[in-house]
Amino acid sequence: MFEKIQGHQTITDHLEKEIQSSEVSHAYLFSGIDGIGKKKTAREFAKALLCQDQHDKGCGHCPVCTQIDHENYPDVKIIGPKAGEASIKISQVREMISELSIKPYSGNWRINIIDGAERMTPEAQNSLLKSLEEPLSYNIFILITSHPQTILPTIRSRCQSYHFQPLSIVDMEAIILREAEFDRITVAEAIRASGGSPGMALYLLNNSEIQKERTHYLRELYSLLKGDEIKVFTLAEALSKDKATSQEILEFFIHWFYEINLLLEGHPLPDHGEPNPAHRAYHQLLQNEKNQAIIKTLFEMMATIQYNVNLRLQWEKCFIKIMKIQKG
Ligand SMILES: [Zn+2]
């Protein structure tokens, strides 16, 4: 079981024990930064529960495992935001709920995976809550999220939580070099910028433009924090062109200010990475309380942009707030 999962040993050991002792929960919350292996672990967990090979549970080649890998096994349902959409719609959750009472097609379990669970609208979360409160014996829910704090506490409390920690450099290298060939210096840089997420590191390796884009926005935001008010509007305009970019840059900003938070509190960066010049510049500019208020503001923005809002207006509000925080 779980041979395909690199790192996260404590979590996979726990899950394996639960399967072997038949003490599987009805609801799980897998949290941790994007691209770290949460969905992959959920899929391997489903395979281990439903695999037809009695001696090698989660074998990876029986018809069930193969279908789960291709996301077309009827007893494993996966939902997430649809392409181009920022949120999981209530209709998607309702459809999932409507199938909960159907007995599993072959095995003992129906596994319902919600990927990007923080992107469920509050209505969608509320409609899910009832199913979590009165679970049918054969249903298992796995909620996957990079922002567990935006999930309703009433939902969180019904789930067994597993928090996925950033991976070590060794694990990251193993995963990346299995996927493609890159030179070691480029890999090291991508690992550093990814904050322990192999998915993000691969994304950066395959999209050097994204790294440039991030650096650009970081520089613009720095000018704003230093008092250049025009940036409120130029940044908001640039970021409002497309929802996916907004989301991506927003998550990057949150990650960034968390790192600054670590530095301000005298902690090392994840994986003992060295602060780069941008880290040092932000570190000098910001104070701890202000930095935390900025993180809070960015999280509010995260909650807001899940809806069909005027992105430009929301970004303007967000940047004005950040500017006020910095001016104190
Ligand atoms: Zn199998």
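Four donors count as tetrahedral if all angles lie between 85 and 135 degrees. That cut-off is used in the first legend. The model shown in every view is predicted.

**View 1. The zinc ion sits in a tetrahedral site of four cysteines.**
The protein donors are the SG atoms of C51, C59, C62 and C65. They lie 2.2 to 2.4 Å from the zinc ion. Angles among the 4 donor atoms run from 103 to 115 degrees, so the site falls within the limits of 85 and 135 and is tetrahedral. Along the chain, the donors of the zinc ion are spaced C-x7-C-x2-C-x2-C. C51 belongs to the loop between α2 (38-50) and α3 (63-69), while C65 is in helix α3, so this pair ties together parts that are 14 residues apart in sequence. Are C51 and C65 buried or exposed? Both C51 and C65 are buried.

**View 2. K39 and D115 form a salt bridge.**
The whole structure holds 19 salt bridges. In this one, the side chains of K39 and D115 meet at 3.8 Å, N to O. The pair links distant parts of the chain. K39 is in helix α2, and D115 is in strand β3 (residues 110-115), 76 residues apart. Both partners count as partly exposed: K39 has a relative accessibility of 27%, and D115 has a relative accessible area of 25%.

**View 3. K47 forms salt bridges with E44 and with D69.**
K47 and E44 are 3 residues apart in helix α2, which means about one helical turn separates them. K47 is buried, at a relative accessible area of 0%. E44 is buried as well, at 5%.
Now turn to K47 and D69. Here the closest N and O atoms are 3.0 Å apart. D69 counts as partly exposed, at 27% relative accessibility. Which residues make up the network of salt bridges here? K4, E44, K47 and D69 are linked in it.

**View 4. The second largest pocket has a lining of 24 residues.**
Rolling a probe the size of a water molecule over the atoms shows where empty space is left. The second largest pocket holds about 530 Å³ of space. Of the lining residues, A193, Q211, R214, T215 and N276 lie nearest the centre of the pocket. Which elements give two or more residues to the lining? They are α8 (184-194), α9 (198-206), α10 (208-225), α12 (243-264) and α13 (277-285). Helix α10 gives the largest share, 7 residues. By residue type, the lining divides into 12 nonpolar, 7 polar and 5 charged residues.

**View 5. G107 lies in the loop between α4 (90-98) and β3.**
G107 is partly exposed, with a relative accessible area of 27%. How far apart are the C-alpha atoms of G107 and V93? They are separated by 23 Å, with the two residues 14 apart along the chain.

**View 6. F2 and E71 have positive phi values.**
Most residues other than glycine have a negative phi. F2 is not a glycine, yet its phi is positive, near 60 degrees. F2 lies in the segment before α1 (9-20). At 8% relative accessibility, F2 counts as buried.
E71 also has a positive phi, about 55 degrees, although it is not a glycine. E71 is found in the loop between α3 and β2 (76-79). Is E71 buried or partly exposed? At 40% relative accessibility, E71 counts as partly exposed.

Terms used
Residues numbered from 1 in each chain as written. Predicted model: local features only at pLDDT ≥ 70, side-chain atom pairs only at ≥ 80, totals over all residues. Heavy atoms only, no water. Donors = N, O, S within 2.8 Å, 3.2 Å for Na, K, Ca; no water. Tetrahedral: all angles 85-135°; square planar, octahedral: opposite > 155°, others 65-115°. Helix = DSSP H or I, 4+ residues; strand = E, 2+ residues; numbered from the N terminus. Buried < 20%, exposed > 50% of the residue type's maximum accessible area, 1.4 Å probe, protein only. Salt bridge = Lys/Arg side-chain N within 4 Å of Asp/Glu carboxyl O. 1 Å grid on protein atoms, 1.4 Å probe; cavity = no way out; pocket = protein on both sides within 12 Å on 5 of 7 lines; lining within 4 Å. Points joined across faces, edges and corners; volume = space filled by probe spheres on them. Nonpolar A, V, L, I, M, F, W, Y, C, P; charged D, E, K, R; others polar.
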